[in-house]
Amino acid sequence: INMPISPKYSIFVCRVINGKTPDDAIKRLEDVVKMKRVIPMHSLEVPHKKGKGIAGARYPKTVCIEIIKLIQQVKANAAVVGIENPVITIARADKSQGPYKRGGARAKRAHVYIEVMDKSKLVRKKK
């Protein structure tokens, strides 16, 4: 609740980590912090990344660092509850109420919700 990160960037980071295991998600976000991988943001007017083959992308480092901490907490909670093969089923970010800064501007804040389930309990529909 009320994480000091950009809600816009956190939405796109949550799209990337959704459906991955916590270890894979942490590895992917660490690559973003090291500027080796990008977070795709194709629906925004952000510049193209040269040589990456992606229409629009960014390196939201602060968002990735905060969400890595959150995923590590979720992973520890899953181990305590007894989930053996955790998979992130829901990763959602919403805009929250930010405090006022100088000049009457609002600070950026986001609520991030991450839910984990056991991989064996996931039911996939066959086409």
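Just after helix H2, methionine 35 takes a positive phi of about 65°.

**How confident is the prediction?**

- Averaged over the chain, the pLDDT is 90, and 94% of the residues reach 70 or more.
- Among the elements of the chain, H2 has the highest mean pLDDT, at 97.
- Strand S2, made of residues 57–58, has the lowest mean among those elements, at 87.

- H2 is built from 12 residues, and the distance from its first C-alpha to its last is 16 Å, close to the 16 Å expected at 1.5 Å a residue.
- Its buried residues are Pro22, Ala25, Ile26, Arg28, Leu29, Asp31 and Val32.
- Those buried residues pack against H1, S1, H3 and S3.
- When you look at such a list, remember that an α-helix has 3.6 residues a turn, so residues three or four places apart point the same way.

- H1 covers residues 7–17, and its buried residues are Pro7, Ser10, Phe12, Val13, Cys14, Val16 and Ile17.
- The partners that these buried residues pack against include two helices, H2 (22–33) and H3 (61–81).
- They also pack against strands S1 (39–40), S3 (86–95) and S4 (110–118).

**The nonpolar core**

- The largest nonpolar core has 29 residues.
- Within this core, the residues with the most contacts are Ile17, Leu29, Ile39, Ile71, Val112 and Ile114.
- At least two residues of the core come from each of H1, H2, H3, S3 and S4.
- H3 gives the most to this core, supplying eight residues.
- Take isoleucine 71 as an example: leaving aside neighbours within four places in sequence, its contacts are Ile17, Pro22, Ala25, Ile26, Leu29 and Ile114.

- Serine 6 sits in the segment before H1.
- Is serine 6 buried or exposed? Serine 6 counts as buried because its relative accessible area is 12%, and the cut-off for buried is under 20%.
- Not counting residues up to four places away in sequence, serine 6 touches Val63 and Lys108.
- Isoleucine 83 lies in the loop between H3 and S3.
- With a relative accessible area of 22%, isoleucine 83 is partly exposed.
- Which residues does isoleucine 83 contact, leaving aside its neighbours within four places in sequence? They are Ala78, Val116, Met117 and Asp118.
- Tyrosine 100 is found in the loop between S3 and S4.
- Tyrosine 100 counts as exposed because its relative accessibility is 58%, and the cut-off for exposed is over 50%.
- Even so, tyrosine 100 touches Ala105 and Arg106, not counting residues up to four places away in sequence.
- The side chains of tyrosine 100 and arginine 106 also make a polar contact, at 3.0 Å.

Key. Residues are numbered from 1 along each chain as its sequence is written. This is a predicted model: local features need pLDDT of at least 70, side-chain atom pairs count only at pLDDT 80 or more; totals for chains, interfaces and linings use all residues. Side-chain values use heavy atoms; hydrogens and water are left out. Buried means under 20% relative accessible area, exposed over 50%, partly exposed in between (1.4 Å probe, protein chains only). Helices (H or I, at least four residues) and strands (E, at least two) are DSSP runs, numbered from the N terminus. Contact means heavy atoms within 4.5 Å. A nonpolar core is a set of buried Ala, Val, Leu, Ile, Met, Phe, Trp, Tyr and Cys residues joined through side-chain atoms within 4.5 Å. A polar contact is a pair of N or O atoms within 3.5 Å; within protein, one must be able to donate a hydrogen and the other to accept it, and residues adjacent in sequence count only if both atoms are side-chain atoms. The expected span of a helix is 1.5 Å times one less than its number of residues. pLDDT is the predictor's confidence in each residue, from 0 to 100.
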